[in-house]
Amino acid sequence: MADELRQELINRHLITMAQIDQADIPAVPAEVDSYHSLFPLEPLPPPNRIQKTSNFGYITSCYKAVNSKDDLPYCLRRIHALVFAYDFHAGGETMMSRHFNDPSADAYFTKRKWGQHDGPLPRQHAGLLPESLIWAYIVQLSSALRTIHTAGLACRVMDPTKILVTGKTRLRVNCVGIFDVLTFDNSQNNPLALMAQFQQADLISLGKVVLALACNSLSGIQRENLQKAMELVTINYSSDLKNLILYLLTDQNRLRSVNDIMPMIGARFYTQLDAAQMRNDVIEEDLAKEVQNGRLFRLLAKLGTINERPEFQKDPTWSETGDRYLLKLFRDHLFHQVTEAGTPWIDLSHIISCLNKLDAGVPEKISLISRDEKSVLVVTYSDLKRCFENTFQELIAAANGQL
């Protein structure tokens, strides 16, 4: 596996397994409904906090937790009265923290006297995001909106603080559905009556996100800065990007649709598709290298349940006799060989080769030597496989109460 991918997967695993010491943070409960092992994903609000968040109008907090029903990690978003459970994406960060946490980027936008052409025009993309990255984001976000709108619903949280970035450029929209619950009006005859209006608001929100990315600054989406922001886009980016932003942010005589921006994306859609397919190919190649690991691990796990078992069916010598004795010697052959000088002989390829031969049950013969070196037993891998399978099935039958 490529080092970069391996490190990314290891980091995700470490984040997924992270736990807190309950004594250090007593404010975090041990369990919430069927969820346990809660781990804060954001700084916890102080106990005496009164101010509410700007997004939902309520105090919120966010945790990773494990569901006891399926043993999978989830992201719990707590609106202090309700808890929403979402898929957990280890290592994800918000678009806000990825792209809008640098004060110097804001300064680039705010300090220049836009509209006055006496100074030099900014260098192409100076301090700005590559246009290819912005289009990659546009394709994913518009695809998310298209899926939501096609279902007759609205996103309502298209905001840099609620868009997650995983890996280099993969986006996911977080916290969908919360507004639908918080603002639900039971007195309305048709809860979907305002959905078209909310969908139009989604498109405006998408336009603001794209404009902020193009300016590399949230200042650009403030009403008083829109003209400056569009000038910056005109100077540094393609007319397609400018037209897309204008379409999303300008009042139209008819209802806008997310499908209308597809012609502006144009052939760039194929660029994103090709990149995704290439990424898929790379991961598939790495997966092919690792695909045998699970099989070998299962062999070792089964072998571990047999070897050195203190007692079975009230027989303390069970693991030292019969077929089990052969498997004990095979375990020594795998892991405990020494050189002529008496030092450990460790060869990973030897271990893998022997396990593969055991799994296949090949007719090749193998010499197994007792620990006192007084006995040498010559058996085939097919004999060992028969011993191995029969013994493990005996354990399974006892575990299931069939013996």
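The model is predicted. The protein chain contains 14 helices and 10 strands. Its radius of gyration is 30 Å, whereas a compact globule of 403 residues would have a value near 22 Å.

**Dimensions and contacts**

- The C-alpha trace of the protein chain spans about 95 × 50 × 40 Å along its principal axes.
- Among contacts in the protein chain with a separation of 6 or more, 59% are between residues 24 or more positions apart.

**Burial and surface**

- In the protein chain, 35% of the 403 residues count as buried.

**Charge**

- The protein chain carries 42 positive and 46 negative side chains.
- The centres of the positive and negative sets lie 5 Å apart.

**The three-stranded sheet**

- Three strands form an open sheet in the order β6-β7-β8, and their pairing is antiparallel.
- Strands β6 (93–94) and β8 (170–173) are the edge strands, each of which pairs on one side only.
- Strand β7 covers residues 163–166 and is joined to β8 by four bridges, with the two strands running antiparallel.
- Within this pairing, I163 has V173 in β8 as its bridge partner.
- In general, the strands of a sheet pair through backbone hydrogen bonds, in either a parallel or an antiparallel manner.

Key: Residues are numbered from 1 along each chain as its sequence is written. This is a predicted model: local features need pLDDT of at least 70, side-chain atom pairs count only at pLDDT 80 or more; totals for chains, interfaces and linings use all residues. Side-chain values use heavy atoms; hydrogens and water are left out. The radius of gyration is taken over C-alpha atoms; the globule rule is 2.2 Å times the number of residues to the power 0.38. Buried means under 20% relative accessible area, exposed over 50%, partly exposed in between (1.4 Å probe, protein chains only). Contact means heavy atoms within 4.5 Å. Lys and Arg count as positive and Asp and Glu as negative; His and the chain ends are not counted. The place of a charge is taken as NZ of Lys, CZ of Arg, CG of Asp or CD of Glu. Two strands pair if DSSP finds at least two bridges between them.
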